[in-house]
Each structure stands twice: as C-alpha cells, then as structure tokens.
Amino acid sequence: MFERLETAPSDPILGLTEAFNHDPRPDKINLGVGVYKDENGKTPIMASVKKAEAELLKRETTKNYLGMAGLPELGVCVQKLVFGSDHPIIAAKRACSAQTPGGTGGLRVAGDFIKTRLPSTKIWVSQPTWPNHNGIFKAAGLEVGTYPYYDAAGKGLDFSGMIKALEQVAAGEAVLFHASCHNPSGVDPTAEQWEQLAELAARKKWLPLVDFAYQGLGDGLEEDAVGVRALAARVPEMLIVSSFSKNFGLYNERIGALTVVAADPAAANKAFGHIKIVIRTIYSNPPAHGAGIVTTVLQDTALNKLWVDEVAAMRNRINGMRHLFVDTLKTKGVRQDFDFITNQRGMFSFSGLNDEQVQTLRDKYGIYIVGGGRINVAGMTTSNMDRLCTAIAEVLAG
Ligand code: LMR
C-alpha cells in the first residue's frame, strides 16, 4: 500500500529548512523559517528562560501528568498578557485558557472544537496567510474561505477589500485574524481599523479566532494586543491562540495556549469542557517544561522585567535590520523602492521578489527565502547584510 502513495509535497517553510541544512555552502543565509537570530546569527536561549529553568530544576518534584488543559497558573498568566492585568473579562471569569503544544497545537484544537461542537463549519483566513493555517483547518475538516488582505501594488493593507468581503461572512462562521506581525506580509491593521473590524464582528456575529504568535515583536507587548483587545471589548465570544515560540524563544518546547472567551462564566466553562475533550482525544495532556518556564518568568517580578527587556531587544534588533536592509540595498544601486519594509512589523516582510528570483537566490547564492517572496528579517545580521544585498541587487538587475 505504501509504495503506491504519491510522494508527499515538501512543506513550504519547514521543507526549506531541511534543504538549507543540507546545503554545504558555508556562507548560506536562511531567511526562510520564522526563527529569531541574534547579531551573531545564533538563536540563543533567553537569559530569563535560563534562570527560570534553573529555578524549575530546583523546585520540580514529579513528572506526573498535567491535566488536559495543562498548568492552571499558565492560563492566568496568558490572560493577563493577552487582555492586560485588570481586564473586565478576567474579573468576570468570562475566559478559560488551555495550555497547548505551541500555537499550532492551539489552532488545531480550536479547529476541531469549531468543526465538531459549533453549528458552522467554515473559517475565513486572510489572503495570503501562513500556509499551515490552511493545512490545519482543512485537517480539522473545516471549509476554508479567504478574504482579501494584502495589496501587492500598494504594499499595504487592502482594508476596503477586507471589509467588503467580511461584510458577506455569515453569522456563526469563524474568521481568523493575526493579532500582530501578520505572517507573511508584516502588514497589520491600525488601531482605528481594528475598531472597525471589531464593530463589524459584533454586528455580523461571526466568531473571531485570533492567532497571537508574535506578541511583543511588533511595537510592544501592550501595543501588539490592540486588535485582540478591540475585538474582546465588543464581541461576546471569541477564541485566541497564543504562542510562546517566538517571544520566549521556546521553539522546541512546543508551548502555547488556547483561550476561549464567552458571554458569561457558565458558557465559558461549558466551552472549556469541550475543549478539554478535544485535547484528550488528540494528545491527552500537554508537556510540562515550557509551561513551567513561561509561568515562572511571568509570575516573578524580576524575571518578568528581564524578559520584557529581552523581548524589546529582539524587537529593536529586527526593526534596526529593516532599516539597514533598505539602506544597504540603496548603496548597492537598487532603484526599486523598498522603503515599505521599514513600515512593516514582526519577523516577516513580503520582499516583492518573484518566485524565479527566489529560486535564483537559493541556487546561485545559497540564500533561502520562502516562495512568494516572504523574508524573515530576523535572520538578517550586520555581517550577512552586505552579501545578502549584493545578491539581491544582482538578481534584480537580471
Ligand atoms: C514561520 O512561519 O516560519 C513559523 O511560524 C514557523 C512555522 O512553523 O512555519
């Protein structure tokens, strides 16, 4: 049976990492997968994380199972991070949070919950979106529709196209938003646009599902929550998926959370009961280590401050690279306008490079970029910038 299977396609992002790892060229550059690199091109363990791990090692007394929803203290920390400490949703106990294996795990649990427990089985995602969104929701059995998002000509948000399409979404259908640092475009709605989207969500009664994978890497931990908080202020029910892969650098610990918000505590608990059953039937209960780290950091005043500073340092380095990239391209004689890259936020930008140029960069120069032209700005350093921009200038010159 197995030999008759068709060859599986390579994953557009993780498949690229595999190809990069097999590339023997010493000066290769990986701007594919969304992983943060420091100035030395390394993905370090954050100091706050290391300290929390030392703490955990001392404190830990058992490897007993966590509950289906993971560490309860994590849920409290996640809600404070997402909504802000004194938010009425927290005070009113309208939210419940489950620890999940990364953001991806949270999205899959959300997808299964929508498909199997709610009346509508359609979800709308931005065009474009992170390719795995389509895979996850289709695997959950949902029908996936798209709404316009990125205006390729204007290199910004197609807000009117987005609103027009979302006006047509039926009540009860789910709509996926990226809370900040839109993946792959780096283009986010403004605070005013989020208000309009929240008003529309409430009026049309669709179910917002917010993917919050990059909190703190755009404009700040609080600033990046503007959209999710605008929605939470208006809609009675929503789902939020947090990831701590990027802002804690905990990529391989697989730590995230799914938060369900309901109109009152009884409805929140009801929904949460179903979410726990969904979890039980996929992976039973989550692994403990990542949750222990995140909770230890967020609960300890000194560690929390250290972490906030470390997130700011990552954010500032990424934004610094955006400017250096645009300036260096100019010094290489590139005449196309790349200034839009400095207005975008988070790890990613659409470079505007076409698939042929992306392929040439990979084949000829060992520079890896995701098909469609998405670049991981967090993979740029002052040491690889010159080589990168020389290569791009040559490719653009044809
Ligand atoms: C990315 O978009 O590169 C990251 O979210 C990593 C992944 O799992 O695709």
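This is a predicted model: local features need pLDDT of at least 70, side-chain atom pairs count only at pLDDT 80 or more; totals for chains, interfaces and linings use all residues.
**View 1. His 178 and the residues around it.** Start with strand β7, which covers residues 174-178 and includes His 178. Is His 178 buried or exposed? Its relative accessibility is 6%, so it counts as buried, given that buried means under 20% relative accessible area. Look for the side chain of Thr 129, which makes a polar contact of 2.8 Å with the side chain of His 178. Then find Asn 183: its backbone nitrogen sits 3.2 Å from a polar atom of the His 178 side chain. Leaving aside residues up to four places away in sequence, His 178 touches Thr 129 and Asn 183, along with Ser 126, Trp 130, His 133, Trp 194 and Asp 211.

**View 2. Leu 5, in the segment before α1.** Helix α1 spans 14-22, and Leu 5 comes in the segment before it. With a relative accessible area of 60%, Leu 5 is exposed, because exposed means over 50%. For a sense of distance, pick out Leu 107 too: it is 102 residues from Leu 5 in sequence, and the two C-alpha atoms are 28 Å apart in space.

**View 3. Helix α2 packed with helix α12.** Here you'll see α2 (residues 47-59) and α12 (residues 301-331), with axes 8 Å apart and an angle of about 150° between them. That angle makes the two helices roughly antiparallel. On the α2 side, the contact involves Ala 47, Ser 48, Lys 51 and Ala 52; on the α12 side, they meet Leu 303, Leu 306, Trp 307 and Glu 310. What kinds of residues make up this contact of α2 with α12? Five are nonpolar, one is polar and two are charged.

Terms used: Residues are numbered from 1 along each chain as its sequence is written. Side-chain values use heavy atoms; hydrogens and water are left out. Helices (H or I, at least four residues) and strands (E, at least two) are DSSP runs, numbered from the N terminus. Buried means under 20% relative accessible area, exposed over 50%, partly exposed in between (1.4 Å probe, protein chains only). A polar contact is a pair of N or O atoms within 3.5 Å; within protein, one must be able to donate a hydrogen and the other to accept it, and residues adjacent in sequence count only if both atoms are side-chain atoms. Contact means heavy atoms within 4.5 Å. Axes are lines fitted to C-alpha atoms, for helices over the stretch in contact, and angles run from 0 to 180 degrees between N-to-C directions. Angles under 35 degrees count as roughly parallel, over 145 as roughly antiparallel, 65 to 115 as roughly perpendicular and the rest as oblique. Ala, Val, Leu, Ile, Met, Phe, Trp, Tyr, Cys and Pro count as nonpolar, Asp, Glu, Lys and Arg as charged, and the others, Gly among them, as polar.
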